[in-house]
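Welcome! Here is a short tour for someone meeting this structure for the first time. Please have a look at it before reading on.

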Amino acid sequence: MKLVGFIIVCLTGGLLLYGTGELPAWGDPNSPASTHLSDDYITLALEQTEAPNLVTAVLADYRGFDTMFETAVVFCAGLACFLLLRDFRPKKDHYYRHVPTGVMLHVKNEARTVRTGREFEDMDREWVPSDTIIKTVCRILIPFIQIYALYVVAHGDFSPGGGFQGGVIFGSSLILLAISYNLKTLVKRVTEKFLGVFSSLGVLVYVGIGAIAMALGGNFLDYGKYAPIFGEHHIRALGMLGVEIGVGMAVTAVMVIIYINIVSEGRHDEGL
Amino acid sequence: MPELLDLIVDKYNYWLYIVLMMIGLYAMIGKNNLIKKLVGMNIFQTAIILFYVSIGYKKGATIPIIQGDHGHGAADAVIKAADYINPLPHVLMLTAIVVSVATFGVAMALCVKIYQRYQTLEEDELRMRLSEK
């Protein structure tokens, strides 16, 4: 099997390498990819869309449909992880640790939760001693990471950034919380219901902006039709910001959904 | 031989991406472990991303963000297409990266499910377990 695979790989690679002779040179301004539509995008995008970041202009305006379904793909990935892994059976074993003495309690086959006093902390099967340095550094860092994520989303049409990038940064800040503390801390703060609603709300914001433009008498995702409400000034850039916020919401929630479901095998109790 | 060397030096971006892509393809075909196959798939996707980004590059051009003042008088300034690299491959790859993360997440979820059921991720052992039933 390995030999057959190696031969296939060598043949495919050889064929592709042979084909490189026909491809345009590295950085050639007159290559086919950089001539036809690309020039129009570069020269006309600022005038037509008022967004200096051409990548965002193409992403959210010229190719708005593509990005909408891309967001739907991300949402479907989160949904697939949830449906594949989510396990609603109640947890059988509970572990508690008496903080002053360090004694551990193991409650077996207890369906209802045990009410504990202040001295007891809920713990995972294997207790990891809490590291003050890691916790403190993460607690200081997480708000700044989140502010940066919001900045990346908000400045998507003026500087490098956008909904996908900002959403991933925001989602990873929440994952950092789960890694530095434990999974329960994250699940307690960001509930599963909230994540589900937030991710579908993100897709809804995107589709809604497109549909309302239709209701106002334009095409789907024609941001120019919002001019009577928000004014003429930079209206297309404003519409792009709206859909980017939708994308950011969906991506943030889906990242956290995928992470929680995979690390806890769908039980949402303990994980990395 | 010198011609081949010239070809490599001329088109080294394509050669790099093809080598990387073949590493990924070999991992997907030859490796026995499902997680290693997934890593191979990710290498493959990265190679394609490199290919697209290298296509979008133009010599002497800068990133596709229009420079200068974007006030009301900005429309008078002439924007030359040769000054900015091609934004389209960047857009396509931006979405491709997100899709690769999404596919990787779903694939990991499937791996977790397979492991829960068969206690292994090795392909030959999986095939053995399946044929036992």
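## Before we start

A residue is called buried if 20 or more other C-beta atoms lie within 10 Å of its own, exposed if 12 or fewer, and partly exposed in between, with C-beta atoms placed from the backbone. Helices (H or I, at least four residues) and strands (E, at least two) are DSSP runs, numbered from the N terminus.

This is a predicted model, in which local features need pLDDT of at least 70 and side-chain atom pairs count only at pLDDT 80 or more, while totals for chains, interfaces and linings use all residues. Residues are numbered from 1 along each chain as its sequence is written, and chains are lettered from A and ligands numbered from 1 in the order in which they are written.

## Confidence

The model scores ipTM 0.86 and pTM 0.88. Within chain B, confidence is lowest in helix α1 (residues 2-10), at a mean of 81, and highest in α3(B), at 92.

## Helix α3 of chain B

## Where the chains meet

Contact here means that the C-beta atoms of two residues, placed from the backbone, lie within 7 Å. On that basis, 50 residues of chain A touch 46 residues of chain B. On the chain A side, the elements giving two or more residues are α1 (2-19), α2 (36-49), α3 (54-62), α4 (64-85) and α10 (235-263). The largest share, 10 residues, comes from α4(A).

## Helix α10 of chain A

Is α10(A) largely enclosed or open? Of its 29 residues, 26 are buried, so α10(A) is largely enclosed by the rest of the structure. After this helix comes A:E265, whose phi is positive, near 50°.

The axes of α3(A) and α10(A), lines fitted to C-alpha atoms over the stretch in contact, come within 10 Å and cross at roughly 80°. These helices are therefore roughly perpendicular (65 to 115 degrees) to each other. In this contact, α3(A) contributes A:T56, A:A60 and A:D61, and α10(A) contributes A:R236, A:M240, A:V243 and A:E244.

Key. Axes fitted to C-alpha atoms, helices over the stretch in contact; angles between N-to-C directions. Parallel < 35°, antiparallel > 145°, perpendicular 65-115°, else oblique. pLDDT = per-residue confidence, 0-100.
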